[in-house]
Amino acid sequence: SFDIAHYIGMTIQEEYELLTKAAENERQVIVLNHLERIIPVIVRAQKLRQQVKMNGHFKNFPKLDF
């Protein structure tokens with residue numbers, strides 16, 4: 001879990017929380033929770049990019065909340 005934390009978009013605070021956990025299963029839960037939160041956001045962003053490529057009209061799309 002330490003090796004991938006930096007590469008999955010965790011904030012410094014989230015990485016620090018990961019470092020403070022002694023048990024690997026606790027760290028895995030933190031990583032899993034982060035991925036469950038961030039994956040839907042990434043999917044929405046990818047769909048939005050595809051829509052923009054198709055028609056070029058992007059000023060009326062809602063702001064993405066990362």
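Okay, let's start with Ile30: setting aside neighbours within four places in sequence, Ile30 is in contact with Met10, Glu17, Leu18 and Lys21, contact being heavy atoms within 4.5 Å. Quick caveat: this is a predicted model, where local features need pLDDT of at least 70, side-chain atom pairs count only at pLDDT 80 or more, and totals for chains, interfaces and linings use all residues. Residues are numbered from 1 along each chain as its sequence is written, and side-chain values use heavy atoms, with hydrogens and water left out.

On confidence, mean pLDDT (the predictor's confidence in each residue, from 0 to 100) is 83 for the protein, and 82% of residues reach 70 or more. Helix α1, residues 2-5, has the lowest mean of the elements at 82, while α2 has the highest at 90. Helices here are DSSP runs of H or I, at least four residues, numbered from the N terminus.

Back to Ile30, which belongs to the largest nonpolar core, along with Ala5, Met10, Leu18 and Val31. By core I mean buried Ala, Val, Leu, Ile, Met, Phe, Trp, Tyr and Cys residues joined through side-chain atoms within 4.5 Å. Buried is under 20% relative accessible area, exposed over 50%, partly exposed in between, with a 1.4 Å probe and protein chains only.

So which residues of α2 are buried? Glu14, Glu15 and Leu18. Down the axis of α2, they fall within an arc of 100°, so they line one face of the helix; the arc uses directions from the helix axis to the C-beta atoms. On the other side, Ile12, Gln13, Tyr16 and Leu19 are exposed, Leu19 at 55%.

Terms used: Helices (H or I, at least four residues) and strands (E, at least two) are DSSP runs, numbered from the N terminus.
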